[in-house]
Amino acid sequence: MSKFRAICLLMILTLLLSGCWSKRELNELAIVAALGIDKVDNEFEITVQVVDPGEISSKRPTSGRSPVITYHAKGKTVFEAIRKMTTVTARKLYFSHLQIVVLGDELAKEGIGKPLDLISRDHEFRNDFDVIVAHEATADEVLNVLTPIEKVPANKMLNSLKTSEKTWGTTQSIKIDELINTLNNKETSVVMSAIEIHGDKSAGMDQSNVKKSKSSVLLKYAGLAVFKEDKLIGLLSEDDSRSLGFLKDKINSTIEIFACPKGGTISTEITHSKTKIKGKFENGSPKINVSIDVNQNVGEVECTIDLTKEKSIHYVNKKTEELIKKRIEETIKTVQQNYRVDIFGFGSALHRTNPKEWKKIKKDWLTIFQELPVKVDVHVNTQGLGTMENSLVNKPKGE
């Protein structure tokens, strides 16, 4: 009897299983790789970059068509524009494989809070895509540029963003969740990687752009865009973007170049960087101490210097320390005077140190930030000299 009851129970449970009622066939979907948002005539203009599976498949010969198709629609809201796009797309848009969102320059200046609401809320959007801003261009123009090597431009933008972040330090990836959290944080302002178009924007969508050894139109990251609340207010230079990378402890690797004692230059590769930011209050006045520990290797020597001597290594360490310290101090001053927003997280550091004192200055933080004393200490350790100890061309005397 117990065996019979168990069988009956299993049969009843199978009725509760949902099965594949919600499955979606690939041939019924348009897979969106990138999404662009612009503001045009008080409406949101949405651009989607849809992958053509037949043109990117390695098992099928290409027909010469573009590997991606872009669709456009306008609406009073982002939601409306996306739904209106169904009138031009052959298949239902599928956003679960979205890799990157591009925000147009004019939209970013007006404010990105409202257009981001849908993509951060809707269940069809995952939260693992990056967000960037177009510099002096629309998102539509950026998404219409065909790229060499990477058939899908969205892949190119994402790969360039990640590679530059890891090896150069002038870009910073930011996922939608982190972006929303930072926008809601009154202590720290948003920074976002900016991308620009080099060349004739209208020629970027032509197939000839990827059929030549030298493309006439390229997408290039221009540094980091600075926001006040949710509005774009400026773009950091390449040097300032790297300094911010050091301050936010996001430098994995980069290059430093400085002069040798007797002329010429040395290039070093930063292989590790660790930054600690500590806040303190002295008689109610906030101060910040920044401590940065750096490991590096000698990468290129174009001068006469004997790297086998300890004093030469000491010189290399000292010059790198001075270079990084000076650049960071200049960046802090530039942001304090020109942008007047805390993109460094100094407010958060003070909050963690003394919540009670922070509460007293929180209301006037942006005013206080402009005159905030910041002490920067950099310690550099040179670990490797490469496969040669000294320069191949300019050898020290006696060799």
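Begin by selecting α5 (113-121), the element that gives the most to the lining of the largest pocket, with four residues; helices here are DSSP runs of H or I with at least four residues, and strands are E runs of at least two, numbered from the N terminus. A pocket is an open set of points on a 1 Å grid over the protein atoms alone, where a 1.4 Å probe fits, with protein on both sides within 12 Å along at least five of seven lines, and lining residues have an atom within 4 Å of a point. This is a predicted model, in which local features need pLDDT of at least 70 and side-chain atom pairs pLDDT 80 or more, while totals for chains, interfaces and linings use all residues. Residues are numbered from 1 along each chain as its sequence is written, and side-chain values use heavy atoms, without hydrogens and water.

Next, select Leu 183, Asn 185, Lys 186, Thr 188 and Glu 229, which lie nearest the centre of this pocket among its 25 lining residues.

Then move to Met 192, which, with Leu 35, Leu 103 and Leu 179, touches the most other members of the 38-residue largest nonpolar core, a set of buried Ala, Val, Leu, Ile, Met, Phe, Trp, Tyr and Cys residues joined through side-chain atoms within 4.5 Å. A second, separate core of 34 residues includes Ile 324, Phe 346, Ala 349 and Ile 361.

Finally, select Phe 281 in strand β11 (residues 265-282); Phe 281 is buried, at 17% relative accessible area, where buried means under 20% with a 1.4 Å probe and protein chains only. Leu 350 is 69 residues away in sequence, yet its C-alpha is 8.0 Å from that of Phe 281.

Terms used: Buried < 20%, exposed > 50% of the residue type's maximum accessible area, 1.4 Å probe, protein only.
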